[in-house]
Amino acid sequence: MTTKTAIEIVGLTKSYGDHAVLKGVDLSVPAGTIFALLGSNGAGKTTAVKILSTLLKADGGTAAVDGHDVATEPDQVRAAISLTGQFAAVDEILTGRENLVLVAQLRRLDGPGAIADSLLERFGLTEAGGKRVATYSGGMRRRLDIAMSLIGDPPVLFLDEPTTGLDPQSRIEVWKTVQELAGRGTTVLLTTQYLDEAEHLADRIAVLHEGRIIADGTLAELKQLLPPAKVEYVEKQPSLEDIFLAIVGHDDAAHQGAQR
Amino acid sequence: MTTYVFHDTDVLLKRSLRHILRSPDTIITTAITPIAMLLLFVYVFGGAIDVGGASYVNYLLPGILLITVASGIAYTAFRLFTDVSGGIFERFQSMPITRSAFLWGHVLTSVVANLTSLVLVVLVALAMGFRTGAGVLAWLAVLGIMLLFTLALTWLAVIPGLTAKTVDGVSGFSYPLIFLPFVSSAFVPTESMPGPVQWFAEHQPVTSIVNTIRSLFEQQPVGSDGWIALAWCVGLLLVAYALAMRTYRSKLA
């Protein structure tokens with residue numbers, strides 16, 4: 001079990017009526033890695049994630065998560081995963097803390113209050129914890145959303161476009177969170193349409209295009225698909241993002257931005 | 001898994017009850033329409049309606065109670081729609097919780113919310129001069145019928161709550177239910193209606209339910225109306241439950 005596979009997909013197909021969304025997807029995600037599923041809008045990323053998280057049934061092929069088949073053992077799969085969907089799955093009328101307590105109770109964990117407090121602390125939401133989520137910013141919602149997904153320490157985490165619609169600072173906050181998770185041994189499958197996000201976060205990247213995986217490997221492996229780099233001298237101009245982060249003075253953000 | 005059904009339902013019930021406590025306006029709006037009708041019919045139209053010597057508020061209350069539930073379940077559908085159209089439904093469905101707990105949480109919340117509205121309406125009716133000599137058993141029978149009626153309409157409301165595409169579509173379904181009591185014995189005796197309308201009024205569920213509750217309040221024998229009302233409520237409940245569960249299952253993987 002040294003090279004354990006967290007997610008194994010073979011020949012997965014799914015159509016909506018005449019429209020084939022997945023046309024035979026094969027994918028293998030090693031445990032403890034961050035895996036990015038890269039693709040443009042409508043490539044089938046969300047459909048794949050919904051099948052893996054037992055929300056949709058595939059038409060053909062098999063998918064297993066943490067060793068359990070999604071079609072025949074959905075309960076075991078659900079116990080092993082957490083899904084952070086495209087739209088923040090938080091309860092707006094409850095407070096941040098109540099949202100966390102709710103999920104802890106539904107996962108039947110002991111001491112839901114203590115679990116909630118420690119997550120609020122870890123995600124910098126302690127002060128906002130007593131306020132209704134309706135008053136939260138987009139970034140705060142996303143952080144709460146991810147915090148809710150971590151309750152019960154599921155070994156596999158699905159993040160469907162976790163930074164879509166976020167401002168640059170919130171985006172970097174989410175990136176930091178995801179990197180921390182991988183450090184703890186959680187397998188993360190994230191979908192994104194942002195190339196830099198995949199490049200920045202992922203150990204392995206698969207490109208989903210028109211219902212098929214057309215490339216799959218580490219960033220270094222994918223780079224070899226192109227002809228060898230030609231050396232050119234280009235004056236380094238700061239990107240607008242670098243400038244934005246520098247002038248709004250977000251230390252972490254500027255640091256991360258500079259690293260890239 | 002069966003022991004978890006109650007635990008999960010309990011957690012989700014408390015969640016939606018908290019929603020209601022934080023927006024008590026939903027209960028007040030639910031009660032306002034029937035209370036307005038009560039005022040309008042008792043103090044404006046009531047004087048011109050001949051119900052055979054009985055006090056009109058006594059005559060009217062049973063029908064108003066049904067209208068209260070019919071307008072209350074619009075919020076049941078709305079709360080369900082909000083969960084389904086936001087991301088939280090998918091979060092719950094991807095978690096290891098009992099499949100039916102999500103629906104039962106909403107259904108029981110609907111029962112609690114509607115009973116609260118009903119109590120409000122009865123209190124207003126009492127202030128307007130509604131009187132009954134009904135004993136504990138008769139009150140329990142009224143409660144039982146209203147509970148069955150609320151459950152039946154709630155399961156009916158689950159269907160648009162799960163399938164509606166827009167907020168308007170969610171609440172639209174309850175309008176016909178609110179107006180059904182107008183073509184029944186709820187406001188005027190059915191004998192005053194022209195032939196075909198009278199036939200419809202006497203054979204639709206509202207009339208038998210209204211007559212049953214009225215007889216219970218007036219300490220009169222319920223007669224066959226009681227069985228017909230019970231049959232309508234239970235029948236409607238079973239059909240609505242089956243359809244709602246089918247809709248729910250088709251929505252799940």
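Confidence in chain A is lowest in helix H10 (residues 251-259), at a mean pLDDT of 48, and highest in H3(A), at 95; pLDDT is the predictor's confidence in each residue, from 0 to 100. This is a predicted model, in which local features need pLDDT of at least 70, side-chain atom pairs count only at pLDDT 80 or more, and totals for chains, interfaces and linings use all residues. Residues are numbered from 1 along each chain as its sequence is written, while chains are lettered from A and ligands numbered from 1 in the order in which they are written.

**Confidence**
- Chain A has a mean pLDDT of 85, with 93% of its residues at 70 or more.
- Residues 253-260 of chain A stay under 50. Where pLDDT is low, the predicted coordinates should not be read in detail.

**Sheet of chain A**
- An open, mixed sheet of 6 strands has the order E6-E7-E8-E3-E9-E10. Helices (H or I, at least four residues) and strands (E, at least two) are DSSP runs, numbered from the N terminus; strands pair if DSSP finds at least two bridges between them.
- E6 and E10 (212-217) of chain A each have a single partner strand, so one side of each lacks a neighbour in the sheet.
- E3 (residues 34-38) and E8 (residues 187-192) of chain A run parallel, joined by 5 bridges; A:Ile34 has A:Val188 as its bridge partner in E8(A).

**Interface**
- In chain A, 23 residues are in contact with 18 residues of chain B (C-beta atoms, placed from the backbone, within 7 Å).
- Helix H2 (74-80), strand E6 (81-84) and helix H3 (96-106) of chain A each give two or more residues to the side that touches chain B.

Conventions
Contact = placed C-beta atoms within 7 Å.
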